[in-house]
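Q: I have a model open and want to go through its contacts. Can you take me through them?

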Amino acid sequence: MSEHSPWQHSAENLTRRRRISKIFKYTCISMTVSALVLVAVLILQVFSQGLSPYDYEATPFIVSNENTFVDALTMDQLQAIFSAEGSARKWSDLNSNWPDEYIKIYGFQREYDENAHKFITEKITGDRDGSLKQKDATYFEYPPQVMNALLDSPYAIAYVDPHTYSRNRSRVKALSLDGVAYTPENADSEAYPVTEEKFIFVDWDFLTSPPSSHDAGETGVYIPLIGTLWLVALTALISVPLAIGSAIYLEEYAKQGRISTFIEINISNLAGVPSIVYGILGLAVFYRTFGLGNSVITGALTLSLLILPVVITASREAIRAVPQSLRHAALALGSNRWQAIWYHVLPSALPGVMTGIILSLSRAIGETAPLIIVGAAISVTSAPGGPMSQYSILPLSIYEWSDRQEPGFAEAAAAAIVVLLVVLLLLNGIAIFIRNRYQNKLS
Amino acid sequence: MSEQSASQKSINLQRAFSKEWRELAIKLVLFTCALLTIATTVSIIYVLLEGGLDLFEYVTFSEFFFGTEWSALSEPHSYGILPLLSGTLMIMFGAALIALPLGLASAIFLSEFATDRQRKFIKPSLEVLAGIPTVVYGYFALKFITPVLAVVFPSIPVFNALSAMIVVGIMVMPMVASLCDDALRAVPGSMRQAGYAIGATQFEVTTNVVVPAALSGVLASFVLAMSRAIGETMAVTIAAGSTPKLTGNPLEGIQTMTAFIVQAAKGDAQHSGALFASIFAVAGVLFLITFVMNVISNRIMRRYKETYE
């Protein structure tokens with residue numbers, strides 16, 4: 001023993017050993033801290049995605065090709081033309097060499113997109129709530145109408161959205177403003193004066209718009225969010241009675257024997273089965289054999305089987321924590337076994353059971369793979385109205401959008417992650433609240 | 001008089017009888033609930049076998065298990081699972097390389113060095129990390145880890161195994177930490193005291209006494225973490241790509257078994273024969289591997305529980 005002993009008594013040796021011990025301690029600490037910091041950085045990255053613009057959109061000011069005299073304007077001239085206080089009514093008011101013709105002004109003002117109009121107003125008048133010229137001016141609902149009106153007259157000037165401009169670029173010319181030409185490079189560098197920074201962050205619009213497959217700026221999480229809520233509600237409805245039932249059986253009725261040991265081992269093994277395998281099970285059983293198709297109920301049944309092992313284990317622990325004296329008291333007063341369980345054991349165990357259930361449900365919310373397999377789809381065009389509706393889910397939006405190359409979808413995915421994390425946080429908060437209240441009651 | 005008592009008796013008997021019946025019925029219902037978990041296992045095995053065996057109408061056993069080419073979604077079809085298996089195992093080893101040391105170190109810190117206040121802060125943080133959905137980790141890998149890797153390895157493709165390994169490692173690390181912490185804390189304090197009493201330093205007590213005493217728990221958590229890494233789906237689907245390749249190079253794009261299942265199920269695999277069967281066959285192999293690992297882990301865990309209770 002003594003010859004193998006790693007600690008021999010010598011002063012020099014002791015300092016060395018102490019040093020090793022210290023190094024070891026700080027290694028452990030630094031590894032723990034670095035792991036936590038790393039994940040904190042990742043999460044901060046997600047939250048900071050909304051802080052920088054994902055794209056720049058420049059608004060072109062155009063005249064028709066038949067207009068031969070104007071190629072460039074200054075911002076002052078633009079204000080003179082468009083602003084309500086602007087003094088220019090004829091082209092000659094701006095430049096004496098230009099024809100003595102009235103300026104016809106066109107623009108668009110979409111009702112569903114107030115911001116675009118407000119942005120242009122702000123750029124021209126310097127005031128977001130300022131007003132544009134109404135006399136001599138016509139504002140259409142849609143940019144293509146603007147284009148049609150503009151092409152009628154060489155003395156007209158208009159602003160349209162970049163998309164409409166690029167489709168008609170052979171027929172109109174975009175003016176340089178303050179000497180800066182309307183080009184994509186100038187837009188991206190914000191050199192072009194009327195350039196808007198586009199952001200995506202979680203706001204009311206994002207929560208209430210349906211997902212868009214082509215424009216990240218208009219995309220939202222309404223349909224997937226409602227789908228996720230439906231799914232969680234149905235999963236809870238299905239899994240809670242089953243889990244509590246089996247937990248009661250295993251804790252209160254089952255005799256210690258082969259069957260209950262077998263069930264226990266089986267449950268702990270099931271808890272380790274990859275979630276995607278449950279997806280396959282759901283596909284074969286609920287989707288095909290039961291013929292439920294790609295409906296919310298298929299997803300909910302699949303998720304219920306998935307979280308059942310965890311919920312059963314949590315419920316069992318809660319039931320086991322109920323003091324034996326409570327059961328004895330009930331039985332002594334003449335109640336039978338079920339009455340003792342129903343009126344005494346379950347109510348006391350309920351907070352613990354609830355906590356376990358909510359925590360498992362928050363796992364279910366994040367599940368993606370099994371639901372892709374049983375048919376949740378990003379392309380669903382309306383929020384589910386019942387258990388048999390098709391549905392989409394939040395994590396699926398994150399998955400689909402993170403793969404997209406178009407600008408803005410990475411930011412949209414980050415915003416969806418934020419929504420998902422907030423939902424999770426809410427659920428966990430409820431669980432903690434219940435746990436704390438329960439603990440206070442006991443003490 | 002006696003008649004009355006007789007009828008009373010029969011009523012009581014009847015009540016007792018119906019009560020008995022009710023109890024029995026309740027017990028039966030509850031038992032059915034408990035049986036549901038067994039039914040789940042049985043139907044998983046049945047479904048995977050029934051669906052998976054269909055594949056062998058199209059390919060032979062040896063083609064499936066030893067074939068080095070997996071091309072289920074494009075012509076010419078071939079169904080050799082080795083590329084998917086190697087992709088999965090590569091992710092598993094890479095993730096283990098990160099998660100096991102980090103997780104064990106955190107657990108040692110938590111159980112041996114941390115003050116109660118530090119513990120109160122770190123343990124819940126780890127639990128929160130364990131609760132972050134895997135699809136979010138996939139996003140991390142694709143948008144933040146890959147760009148950082150691209151600085152170090154300029155030729156790395158957008159979809160690569162390395163970023164998936166790192167992110168799966170980070171993902172299973174909290175689980176390793178939490179389980180190892182439980183195992184280390186189950187080691188009786190008296191064993192530590194004995195170590196200190198004969199003059200050992202904290203390092204020596206930890207590595208020579210505490211960790212060996214908790215070894216079965218630690219190992220069980222390792223096995224469980226690796227099984228989790230194998231079954232992990234969304235992070236690797238997003239980050240590792242969709243090119244099944246028999247390679248040992250983590251700087252390439254690969255495909256894991258789970259990622260293939262998602263890719264195939266997302267498309268219109270519902271009705272076409274061989275592709276549909278291949279989903280079940282791959283899932284069957286996946287299930288088998290994780291099941292064996294879970295059984296091993298549970299066995300180890302049970303043994304360690306017996307030692308100190």
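What follows is a short exchange on domains and interfaces.

Q: What kind of model is this?
A: This is a predicted model, where local features need pLDDT of at least 70, side-chain atom pairs count only at pLDDT 80 or more, and totals for chains, interfaces and linings use all residues. Residues are numbered from 1 along each chain as its sequence is written, chains are lettered from A and ligands numbered from 1 in the order in which they are written, and side-chain values use heavy atoms, with hydrogens and water left out.

Q: How is chain B divided?
A: Into domain 1 (2-57) and domain 2 (61-304), with bounds that come from an automatic or database domain assignment.

Q: What separates the centres of the two domains of chain B?
A: The distance is 40 Å, taken over C-alpha atoms. The contact (heavy atoms within 4.5 Å) takes nine residues from domain 1 of chain B and twelve residues from domain 2 of chain B.

Q: How much area do those two domains bury between them?
A: About 860 Å², 93% of it on carbon and sulfur atoms. Buried area here is the accessible area (1.4 Å probe) that two parts lose on being put together, summed over both.

Q: Which residues of domain 1 lose the most area to domain 2 in chain B?
A: L48(B), L55(B) and F56(B), together 64% of what the domain 1 side buries.

Q: Switching to the chains. How many residues does each of chain B and chain A put into the contact?
A: Chain B puts in 77 residues and chain A 75 residues. The two chains bury about 6900 Å² between them, 76% of it on carbon and sulfur atoms.

Q: Which three residues of chain B supply more of that area than any other three?
A: L30(B), Y139(B) and F144(B), which supply 9% of the area that chain B buries against chain A.

Q: How many salt bridges between chain B and chain A?
A: One. The side chains of E204(B) and R17(A) meet in it, at 2.7 Å, N to O.

Q: Which helix gives the most to the chain B side?
A: Helix 1 (residues 2-53) of chain B, with 18 residues. Helices are DSSP runs (H or I, at least four residues), numbered from the N terminus.

Notes: A salt bridge is a side-chain nitrogen of Lys or Arg within 4 Å of a carboxyl oxygen of Asp or Glu. Helices (H or I, at least four residues) and strands (E, at least two) are DSSP runs, numbered from the N terminus.
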